[in-house]
Every structure is written in structure tokens, then in C-alpha cells.
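Colleague: I would like a close look at one part of this model, a single side chain and what lies around it. Please keep the answer connected and plain.

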Amino acid sequence: MRQTLFESLIHGPLTEAAPAPDEAALVELAESVKRAARAKLGRSLSIRQVDAGSCNGCELEIHALNNAFYDLERFGLHFVASPRHADVLLVTGPVTRNMREALLRTYNATPDPKWVVAVGACAADCGVFAGSYAVAGGVKDIIPVDLHIRGCPPTPTELLKGLLALLHQANDVAGRRA
Ligand code: SF4
């Protein structure tokens, strides 16, 4: 115990270093998403994440958006607990047979206008799980998809770029559905 206390005094903190210098680029990107959300919706963007059968790698990157490095809440991007409060469904993974019905119900429970973003290679075309007996298909095979963000997994920055692209094309999507 005494040795542990002594070592904690002579060693520096083991926490991670401060955010990298590309913080400015990230802030700029997140601010752009915030402005685009306000222009399209008149308020901040609410996101519901749906794991339709992923390996959880994509979830780790999505969760990172809320960690101390990215802290998306400061830009008005909220992850919500219910699809009834969501503007965007972020769907990960190939859609497994077990999750097919749940995904359909989540989609139907989300009020219009709504957008679906398929996150990761698996959400696009089942990725490494293609051909599995447990997989019903990619997200677009089950519900309409407005945007694919590819990668295995996509980084938080790629997720932000995808959300920005989605908001920029939102008028087109709304027009097509009207
Ligand atoms: S895209 Fe990659 S990280 Fe995401 S669910 Fe598939 S295998 Fe996992």
C-alpha cells in the first residue's frame, strides 16, 4: 500500500492527453451540423441509434460522439431514448432475423419527417456477415435508407460528415416523400 501511494506520487497522471490539434476542424464540422439542423428543423437534431445486429464496433464509434473528446451535446446533437422523439435513426449492423421486426416497429414509431442513416459496412450490404443464416439483409432491404456511412467502423468524424451531408440533402428527401 505504501509503495502504491509512493508510486502514485512520483508518476504523472495516467489519463489520456488533451484533445488533438484537429479539435478546431471537429468543432467547425459539428458547428456546421448544428447550423444545418437549425436551418432544416428550426431546432437541434435528435438521434435514435438502433443496433440491428452489429458486432458493437460501430456502437463504440457512435458512443464516442458523446464522450469527453467529441462531446456532441455542446453542439445541440442529442441521442434520445425513444424513436418517437427522433429525427434520425442511426442503424448499425446487418439486420438479423431477430431484429427485423424490431427495426420495422422502430421505423414506424418515428414521426415524419424522419431520416434513416445506415452506419458501417454491415448496414450497407451485410459486410462480414453476408450469407449468414441469421441475417435478413442490409438496412435498405428492410426500411428506406437516406444515407450510407461506410467504414468498418466509420470514425466519429466520418459520422459527423455523414450527418452534415444528410442535412444538406434533407430538402430533396422531404420533397421525394411528399
Ligand atoms: S461495419 Fe465493422 S464494426 Fe460495424 S458492425 Fe460491421 S463488422 Fe462491426
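What is the relative accessibility of L103, and does L103 count as buried or exposed?

Modeller: L103 counts as buried because its relative accessibility is 0% (buried is under 20% relative accessible area, exposed over 50%, partly exposed in between, with a 1.4 Å probe and protein chains only). This is a predicted model, in which local features need pLDDT of at least 70 and side-chain atom pairs count only at pLDDT 80 or more, while totals for chains, interfaces and linings use all residues. Residues are numbered from 1 along each chain as its sequence is written, and side-chain values use heavy atoms, with hydrogens and water left out.

L103 sits in helix α4 (helices are DSSP runs of H or I of at least four residues, strands runs of E of at least two, both numbered from the N terminus). Leaving aside residues up to four places away in sequence, L103 touches V50, V91, V95, V139, I142 and I143 (contact means heavy atoms within 4.5 Å). S44 gives a sense of distance: S44 and L103 are 59 residues apart in sequence, and their C-alpha atoms are 24 Å apart in space.

Helix α4 covers 97-109, and the loop between α4 and β5 (115-119) holds K114. K114 also counts as buried, because its relative accessibility is 7%. Its side chain reaches the backbone oxygen of Y107 at 2.7 Å, and a polar atom of that side chain lies 3.0 Å from the backbone oxygen of T110. These are polar contacts (N or O atoms within 3.5 Å, where within protein one must be able to donate a hydrogen and the other to accept it, and residues adjacent in sequence count only if both atoms are side-chain atoms). K114 also lies over the face of Y107, 4.0 Å from the ring centre (NZ of Lys or CZ of Arg within 6 Å of the centre and within 35 degrees of the ring normal).

As for the chain around this part, the protein chain has seven helices and seven strands. From the N terminus on, these elements run α-α-β-α-β-β-β-α-β-α-β-β-α-α. The C-alpha trace spans about 65 × 45 × 25 Å along its principal axes. Of the 178 residues in the protein chain, 42% are buried. Among contacts between residues at least 6 apart in sequence, 80% join residues at least 24 apart.
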